Amino acid sequence: MGLSISLLFLMTLLFSDLNVIQSATTEYTTLIYKGCAKQQFSDPSGLYSQALSAMFGSLVTQSTKTRFYKTTTGTSQTTITGLFQCRGDLTNHDCYNCVSRLPVLSDKLCGKTIASRVQLSGCYLLYEVAGFSQISGMEMLFKTCGKNNIAGTGFEERRDTAFGVMQNGVVSGHGFYATTYESVYVLGQCEGDVGDSDCSGCVKNALEKAQVECGSAISGQIYLHKCFIAYSYYPNGVPRRSSSSSSSSSSGSGGSSSSDPSSSTGESFLSSLF
């Protein structure tokens, strides 16, 4: 399986109009992007399919209890490692509703490939066979920036201050933090097995990319391999979140969220990077 990842991964952008901050119950299942290995399983005995099905079942079951879970299934010849993660402000019920969609989506969008990543707005699933080529946790997989810009209004200073608060918050929140600073809503999350120090570094990298890639855009999302950040500016104040989901790891009015006040266009980087 030592094939170059450039020959394996194909990232396909499926949404151009993307809500940066999700609020309604159904919106956490919005598809953001997918990554599919080009190579399919060679599986005449069906062992890979059995291992994959067992892994999917384990991940869905665990999503009723936790927001992050990683497991390995199969034999030494058919080892598959998989994980899921839900956004830190989802309830266990919402996490399950999100994750339970991912196996079907992975099969529909990628088929029986040797690696797959499907990202929804509230959760994602990743699996890969043993020996699959690895990428840096800091690599940018996907970005989306709001079309509206408000340069010269002091917005960038408020946003950057909010970014600093959030970078510190993901450390104290052990991988998840959301808050509002002067009408700028920010959210950051790291993969569940990333330590606090590495999480801070990953989020810092994502925030710097947001400053460069999105400039004075009033909203944006940056997805790196091991973390993601999102921000949105609401000049009239951040609307309150609907009561369908709790905000268990946020600060201040971080439980507030709403759909992005402007449309945005996403851009995938996996195929060009790898």
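Trainee: Which residues of helix H2 (residues 92–99) are buried?

Mentor: Keep in mind that this is a predicted model. In H2, the buried ones are Asp-94, Cys-95, Asn-97, Cys-98 and Val-99. Buried means under 20% relative accessible area.

Trainee: What covers the buried residues of H2?

Mentor: The cover includes helices H1 (47–62) and H3 (102–110). Strands S4 (80–86), S5 (115–120) and S6 (123–129) are also among the elements that cover them.

Trainee: What makes strand S7 (residues 140–146) count as largely enclosed?

Mentor: Every one gets the label: 7 of the 7 residues of S7 are buried, so the strand is largely enclosed by the rest of the structure.

Trainee: How do you know that S7 and strand S10 (residues 219–224) pair?

Mentor: Pairing takes at least two bridges, and 5 bridges join S7 to S10. So by that cut-off of at least two they pair, and the two strands run antiparallel. For one of the partners, look at Met-140, which is bridged to Leu-224 in S10.

Trainee: Why is Gly-173 called partly exposed?

Mentor: Partly exposed lies between the buried cut-off, under 20%, and the exposed one, over 50%. Gly-173 has 28% relative accessibility, so it counts as partly exposed. You'll find Gly-173 in the loop between helix H4 (155–172) and strand S8 (176–181).

Trainee: How far apart are Gly-173 and Gly-88 in sequence and in space?

Mentor: In sequence they are 85 residues apart, and in space 9.8 Å, C-alpha to C-alpha.

Trainee: Why does His-174 count as exposed?

Mentor: The cut-off for exposed is over 50%. His-174 has 61% relative accessibility, so it counts as exposed. His-174 also sits in the loop between H4 and S8.

Trainee: What is the phi of His-174?

Mentor: Phi is near 55 degrees there, a positive value in a residue other than glycine. Most residues other than glycine have a negative phi.

Trainee: And where is Glu-182?

Mentor: Glu-182 is in the loop between S8 and strand S9. Its phi is near 45 degrees, again positive in a residue other than glycine. At 47% relative accessibility, Glu-182 counts as partly exposed, because exposed needs over 50%.

Trainee: What is the volume of the largest pocket?

Mentor: About 240 Å³. Of the 18 residues that line this pocket, Arg-67, Gln-85, His-174, Gln-189 and Gly-192 are the closest to its centre. S4 and S9 (184–190) each supply at least two lining residues.

Trainee: How confident is the predictor, going by the mean pLDDT of the chain?

Mentor: The mean pLDDT is 80, and 78% of the residues reach 70 or more. Be careful with residues 1–26, where pLDDT stays under 50. Residues 268–274 also stay under 50.

Trainee: And how many helices and strands does the chain have?

Mentor: There are 6 helices and 12 strands. Of the 274 residues in the chain, 53% count as buried.

Terms used
Residues numbered from 1 in each chain as written. Predicted model: local features only at pLDDT ≥ 70, side-chain atom pairs only at ≥ 80, totals over all residues. Heavy atoms only, no water. Buried < 20%, exposed > 50% of the residue type's maximum accessible area, 1.4 Å probe, protein only. Helix = DSSP H or I, 4+ residues; strand = E, 2+ residues; numbered from the N terminus. Contact = heavy atoms within 4.5 Å. pLDDT = per-residue confidence, 0-100. 1 Å grid on protein atoms, 1.4 Å probe; cavity = no way out; pocket = protein on both sides within 12 Å on 5 of 7 lines; lining within 4 Å. Points joined across faces, edges and corners; volume = space filled by probe spheres on them.
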